[in-house]
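Trainee: I'm new to this one and would like a close look at a single part. Could you walk me through it?

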Amino acid sequence: KVLIKRLYSSVNNLSDILNDDLKNVKLSFEDREKLEYIKSEVKKLNLEEIKNTLKQKKINFISLADENYPNKLKDVNDSPLGLFYIGDLSVLSIVSVGIVGTRNPTSYGTRITKRITELFVEKNIVIVSGLASGIDSCAHETSLKSGKTIAVLGTGLDEIYPQENYSLFERIINKGGLVISEYPPNTPGLPWNFPQRNRIISALSDAIIVVEGNAQSGALITARFAIKQDK
């Protein structure tokens, strides 16, 4: 991703990277090998089949080259080359706060999450979280009472995890919110996807609040991304 983003800044057209040999761009031998591998993988893709799948499942796609790609993500070193989304993309332009935490909160954690979320929603601030059980779900649920929320998934948009949050997923969309993922349809909840998606939660948020979570939790991973991103 970092290599493609760097090349994109040189050629200003993503298709040029895949179709041109970039003779005029200075690249190390290692980078050229990586680029050839990327090209070979892209050639394996059935783009028409992917387009049909997105259409059938009503999933939209926006690439790094699109003018509507969120500026907050462009500033991240390893920003996704594209985002799959369902819902209202315009909510990305509103001031937002990320609220994350453990999947197994205490009663205090749940109570304070509700109160903090209510305070932000009163100020028309959008809540960003990860649609996980516990603190994430509490933040989303509370924001939906009178505001909007953004859910960032670690799966494809047709593979909601946990499954019991499918109705929450639908309500976020129906109430004018947004659900996004860097992962294509049919991507399951692989363990390493969730830490990666946390950098997107942080990037899209103007600030991050961690309610509860141990030192190895995804919430603390999000906090470390936030520090790197100067949140």
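Is Phe169 buried or exposed?

Mentor: Phe169 is buried, with a relative accessible area of 5%; buried means under 20%, exposed over 50% and partly exposed in between, using a 1.4 Å probe and protein chains only. Before we go on, this is a predicted model, where local features need pLDDT of at least 70, side-chain atom pairs count only at pLDDT 80 or more, and totals for chains, interfaces and linings use all residues. Residues are numbered from 1 along each chain as its sequence is written, and side-chain values use heavy atoms, with hydrogens and water left out.

Now for the ring partner. Tyr166 and Phe169 form a tilted aromatic pair, 5.5 Å centre to centre with 35° between the planes. Rings of Phe, Tyr and Trp (its six-membered ring) pair if their centres lie within 6.5 Å; planes under 30 degrees apart count as stacked, over 60 as edge-to-face and the rest as tilted. Both residues sit in helix H8 (residues 166-174), and because they are three residues apart there, about one helical turn separates them. Helices (H or I, at least four residues) and strands (E, at least two) are DSSP runs, numbered from the N terminus. Tyr166, for its part, is partly exposed at 41% relative accessible area.

A search of the whole structure finds three aromatic pairs. Another of them is Phe61 with Phe84: the centres are 4.9 Å apart and the planes at 55°, so that pair is tilted. Phe61 is in strand E1 and Phe84 in strand E2 (residues 82-87), 23 residues apart, so this pair links distant parts of the chain. Phe84 is buried at 9%, while Phe61 is partly exposed at 43%.
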